[in-house]
Amino acid sequence: MAGSQSLFSVSLISVGIMNSLPDGYAIRPLFRDDYGKGFYDCLRVLTWVGDPTEAEFLARFDEMVAAKGTYFFVVIEYQARIVGTGCVVVEKKFIHAHGKCAHIEEIAVATEHQGKGLGLKMMQALESIAVATGCYKSILNCGPRNEAFYRKCGYHNSGIEMSQYFEDSKDSYRRG
């Protein structure tokens, strides 16, 4: 897709992973013109996203571009539709010799494309980005129903997730 603004350089995604997807699927950075390609539909598999407008998508995309080296949204595309997504957020730390920690966020695969190994490929792509950006570890939060999947991806339980919400109480689908 020549001419589309990319959130980050595709060179951060391992070529081996890009070449290992099933036929017809492509993995790449989020593009500025991805609003109408099912990006939010894909995220709705994971949680409530509201009803964002294209202008809101573009404003958020531009904010992420401006925070260079922090946000790395990856998408899997099939027949010009986004069917998978995930993100690495790079946290710059004072500990570990001013190290960087990758936070894995918003892993989602469209229901009709699940069971094809796309989630694992997404996780491998995000891992390649974390390594390429110099992160010393990656972490994620998940519910008990997703623990087995993340163990298969090489993660282990290393603590307890704690959260504090600053919004009115919502059902679990609408609570991020």
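User: Which residues does Ser 4 touch, not counting residues up to four places away in sequence?

Analyst: Contact means heavy atoms within 4.5 Å. By that rule, Ser 4 touches Phe 31 and Asp 33, leaving aside residues up to four places away in sequence. Please keep in mind that this is a predicted model, where local features need pLDDT of at least 70, side-chain atom pairs count only at pLDDT 80 or more, and totals for chains, interfaces and linings use all residues. Residues are numbered from 1 along each chain as its sequence is written, and side-chain values use heavy atoms, with hydrogens and water left out.

User: Is Ser 4 buried or exposed?

Analyst: Buried means under 20% relative accessible area, exposed over 50%, and partly exposed in between (1.4 Å probe, protein chains only). Ser 4 has a relative accessible area of 17%, so Ser 4 is buried. You will find Ser 4 in the segment before helix H1 (15–18). Helices (H or I, at least four residues) are DSSP runs, numbered from the N terminus.

User: With which side chain does the side chain of Ser 4 make a polar contact?

Analyst: A polar contact is a pair of N or O atoms within 3.5 Å; within protein, one must be able to donate a hydrogen and the other to accept it, and residues adjacent in sequence count only if both atoms are side-chain atoms. Here the partner is the side chain of Asp 33, at 2.9 Å.

User: Asp 33 is linked in a network of salt bridges; which residues are in that network?

Analyst: A salt bridge is a side-chain nitrogen of Lys or Arg within 4 Å of a carboxyl oxygen of Asp or Glu. The network links Arg 28, Asp 33, Asp 34, Lys 37 and Glu 77. Take the side chains of Asp 34 and Arg 28: they form a salt bridge at 2.9 Å, N to O, and both residues are buried.

User: How many salt bridges are there by this rule?

Analyst: The count comes to 10. One of them joins the side chains of Arg 151 and Glu 147 at 2.8 Å, N to O.

User: Where do Arg 151 and Glu 147 lie?

Analyst: An α-helix has 3.6 residues a turn, so residues three or four places apart point the same way. Arg 151 and Glu 147 both lie in helix H6 (residues 147–152), 4 residues apart, about one turn of the helix. Arg 151 has a relative accessible area of 44%, so Arg 151 is partly exposed. Glu 147, with 28%, is partly exposed.

Methods. Helices (H or I, at least four residues) and strands (E, at least two) are DSSP runs, numbered from the N terminus.
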